[in-house]
Amino acid sequence: MPHVVVVGSGIVGLASARALAQQGHDVTVLEKEERLASHQTGRNSGVIHSGLYYKPGSHKALMSRAGVRSMTAYAEDRGIAHEICGKLVVATRESEVPALRALAERAQQNGVPSRLVSAAEAREHEPHVAAVEALRVDSTGIIDYPGVCVALAEDVTEAGGQVLLGARFERARSTTDGVDVLTSQGRISADWLVNCAGLQSDVVAQRSGLVPEARIVPFRGEYFELVPGREDLVRGLIYPVPDPALPFLGVHLTKMINGSVHAGPNAVFAFAREGYRWRDVNVRETASALAWPGLWRLAGRFGTTGVGEVVRSASRRVFARSLARLVPDIGVDDITPSPAGVRAQALRRDGTMVDDFLIQRAQNQVHVLNAPSPAATCALEIADHVARQVTQGA
Ligand SMILES: Cc1cc2nc3c(=O)[nH]c(=O)nc-3n(C[C@H](O)[C@H](O)[C@H](O)COP(=O)(O)OP(=O)(O)OC[C@H]3O[C@@H](n4cnc5c(N)ncnc54)[C@H](O)[C@@H]3O)c2cc1C
């Protein structure tokens with residue numbers, strides 16, 4: 001039975017481990033933290049994205065369309081908290097209507113059921129929203145992703161695999177018939193290595209002998225949440241019309257599965273890949289990011305936007321003003337800071353962001369090198385893709 005070492009117990013690593021274990025592989029998951037889903041998966045917005053934004057035909061578009069169904073079915077099957085509450089993308093001024101309609105066309109190209117609605121109908125869904133026109137997507141939902149990870153880990157062990165917590169991947173070397181993996185708990189002789197290390201995926205790739213075409217740049221997303229008693233300002237998910245030039249969706253309001261309402265995130269460069277506060281600085285990681293020419297090229301293109309995001313990050317008042325564009329009743333006293341998340345975004349040397357999921361195969365190795373949002377939604381589909389790479393290469 002081929003032995004596969006999977007690095008990372010985020011949703012992508014655990015889903016890949018589950019797919020491989022259920023196909024009869026002997027699977028070992030290495031997780032450097034003491035609990036599952038400590039990084040991106042445990043700190044995200046908890047949305048099951050329906051796939052309206054993405055380039056038609058891309059992995060993101062195809063996999064999220066399938067992911068909405070498969071993730072919802074998995075949650076139903078395993079009793080994981082979720083709700084298909086629907087989403088409104090709102091144009092808050094006339095000048096945003098052309099972009100909203102372009103988004104509606106893209107949703108159609110991607111086969112995502114959605115419809116343009118008037119301001120009055122938008123308020124039937126979200127009574128406090130400010131809209132001149134909106135796009136309603138019924139299939140978008142919310143879910144407990146850490147709960148999904150617990151269930152996936154159970155599936156892995158039930159299928160005979162193991163999940164090792166506090167086990168750090170150090171480096172790997174392909175041999176004639178497999179991979180030698182060095183971990184903080186000793187050496188493992190495996191047939192395959194699967195890298196799902198999220199924010200550290202380029203580092204793990206480099207330490208396995210690969211020269212990745214892109215580097216991970218960490219963007220911290222800071223959240224606020226509505227204070228108790230004001231959650232009824234939002235019933236589901238309210239998003240702005242996105243700026244197609246930017247990789248993130250803009251500050252939005254998200255009902256979470258525990259009933260709270262999160263606002264955000266914004267996106268600022270993080271001075272540590274796993275740094276969740278302004279004062280978290282990792283000198284080695286920051287120096288390595290600053291040495292990557294792509295970061296400077298990106299900063300040249302988005303400098304002004306970046307400054308705006310930093311201002312919003314530092315000021316609750318400015319953050320509240322961004323939210324009030326969507327829901328005018330939200331004031332500065334209605335929001336309170338909430339834990340941040342850091343996004344792993346792969347950036348090429350020329351400063352362009354890798355838009356789609358990026359999965360690369362090397363000798364006896366598969367590396368997931370870019371799995372940003374909506375990769376949580378698409379985890380079961382990414383996992384099938386990863387498992388195919390292993391079985392086809394075996
Ligand atoms: C703020 C924010 C909001 C988001 N919102 C959504 C959303 O609403 N819906 C959605 O679909 N997606 C969303 N995403 C994206 C989604 O969370 C990620 O795409 C997904 O969680 C990626 O999962 P992963 O398993 O690749 O990475 P991670 O969850 O980051 O897991 C990687 C794991 O690898 C481990 N690891 C790293 N290095 C090593 C090593 N050397 N040895 C052992 N273990 C190691 C880490 O400790 C970590 O546990 C959001 C992301 C963020 C940050």
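Which residue in E17 does Lys 255 stand opposite? I looked, and it is Val 261.

**Before going on.** I'm working with a predicted model, where local features need pLDDT of at least 70, side-chain atom pairs count only at pLDDT 80 or more, and totals for chains, interfaces and linings use all residues. Residues are numbered from 1 along each chain as its sequence is written, and side-chain values use heavy atoms, with hydrogens and water left out.

**Whole protein.** I found 10 helices and 21 strands; helices (H or I, at least four residues) and strands (E, at least two) are DSSP runs, numbered from the N terminus. The radius of gyration is 21 Å, close to the 21 Å that the globule rule gives for 394 residues, so the protein is as compact as a globular protein of that length. That radius is taken over C-alpha atoms, and the rule is 2.2 Å times the number of residues to the power 0.38. Along the principal axes, I noted a C-alpha trace spanning about 65 × 45 × 40 Å.

I also checked burial: 56% of the 394 residues count as buried (under 20% relative accessible area, with exposed over 50% and partly exposed in between; 1.4 Å probe, protein chains only). For contacts (heavy atoms within 4.5 Å) between residues at least 6 apart in sequence, 72% join residues at least 24 apart.

**Strand E16.** Back to where I started. E16 covers residues 252–255, and I see His 252 and Thr 254 pointing one way, with Leu 253 and Lys 255 pointing the other way. All four are buried. I reminded myself that in a regular strand the side chains alternate between the two faces of the sheet.

**Leu 210.** Next I went to the loop between helix H6 (201–206) and strand E14 (214–226), where Leu 210 lies. Is Leu 210 buried or exposed? Leu 210 counts as buried because its relative accessibility is 12%. Leaving out residues up to four places away in sequence, I listed what Leu 210 touches: Ala 205, Gln 360, Ala 362, His 367 and Leu 369. Ala 362 is 152 residues from Leu 210 along the chain, yet their C-alpha atoms are separated by 7.7 Å.

Note on methods
Two strands pair if DSSP finds at least two bridges between them.
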